[in-house]
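Here is a short briefing on one protein chain. Keep the sequence and the 3D view open as you read.

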Amino acid sequence: MSLPAYAYPSSRFEPVAPVDLNDRAERLRLSQSALKGFFNLAARWKLKDEEARDLLGGPSSSAYYEWKKNPVRTLEVDRITRISYLLGIYKALHILYGDPLADEWVGLPNRNAIFGGRTPLSFMQSGGLLAMQTVRRLLDARRGGV
């Protein structure tokens, strides 16, 4: 006796192939809008230039100001990934909280064990990409009711 074959139910939604960030053309396509989104986020979060540079992985001041003035460029995989996490954090905060709190949240001391009383911003500055991933997961879990 053979077992029935199991399959996912039919759906009108097709899975989207992940973006290949190793492809320079894909990075070029995404970089300008990523930088514009990041600089809008930085303004909403009231980040100092040094804080914003830390979140981007520490570009030089001259590179940072050039990106701000002219975002038409191709970013590295690391920077696009960082910006992606930060924009996801921004979006999750605006889903969870009203606009004023959502924009202030990263700068407020937080008693969650992850942050240990520090601000989420200082946690992400010191922990880099992995800390951004942790904050994103925390907020996504809160959105999911976990």
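**The largest pocket**

The largest pocket is lined by V19, L21, L30, A34, I80, T81, I83, S84 and L87. A pocket is an open set of points on a 1 Å grid over the protein atoms alone, where a 1.4 Å probe fits, with protein on both sides within 12 Å along at least five of seven lines; lining residues have an atom within 4 Å of a point. This is a predicted model: local features need pLDDT of at least 70, side-chain atom pairs count only at pLDDT 80 or more, and totals for chains, interfaces and linings use all residues. Residues are numbered from 1 along each chain as its sequence is written, and side-chain values use heavy atoms, with hydrogens and water left out.

- The space in the largest pocket is about 150 Å³. Here a volume is the space filled by probe spheres set on the points, and grid points are joined across faces, edges and corners.
- Helices α1 and α4 (77-96) are the elements that give two or more residues to this lining. Helices here are DSSP runs (H or I, at least four residues), numbered from the N terminus.
- Helix α4 gives the largest share of the lining, five residues.
- By type, the lining has seven nonpolar, two polar and no charged residues. Ala, Val, Leu, Ile, Met, Phe, Trp, Tyr, Cys and Pro count as nonpolar; Asp, Glu, Lys and Arg as charged; the others, Gly among them, as polar.

**Where α1 meets α3**

- Helix α1 (residues 24-44) packs against helix α3 (residues 61-69) at an angle of about 100°, and their axes are 9 Å apart. Axes are lines fitted to C-alpha atoms over the stretch in contact, and angles run from 0 to 180 degrees between N-to-C directions.
- That angle makes α1 roughly perpendicular to α3, a label for 65 to 115 degrees.
- L35, F38 and F39 of α1 make the contact with Y64, W67 and K68 of α3. Contact means heavy atoms within 4.5 Å.
- Five residues of this contact are nonpolar, none is polar and one is charged.

- K46 sits in the loop between α1 and α2 (49-55). Its phi is near 55°, a positive value in a residue other than glycine.
- K46 is exposed, with a relative accessible area of 71%. Exposed means over 50% (1.4 Å probe, protein chains only).
- N40 lies in helix α1. At 54% relative accessibility, N40 is exposed too.
- N112 belongs to the loop between α5 (99-104) and α6 (120-143). Not counting residues up to four places away in sequence, N112 touches L138 and R142.

How values were computed. Parallel < 35°, antiparallel > 145°, perpendicular 65-115°, else oblique. Buried < 20%, exposed > 50% of the residue type's maximum accessible area, 1.4 Å probe, protein only.
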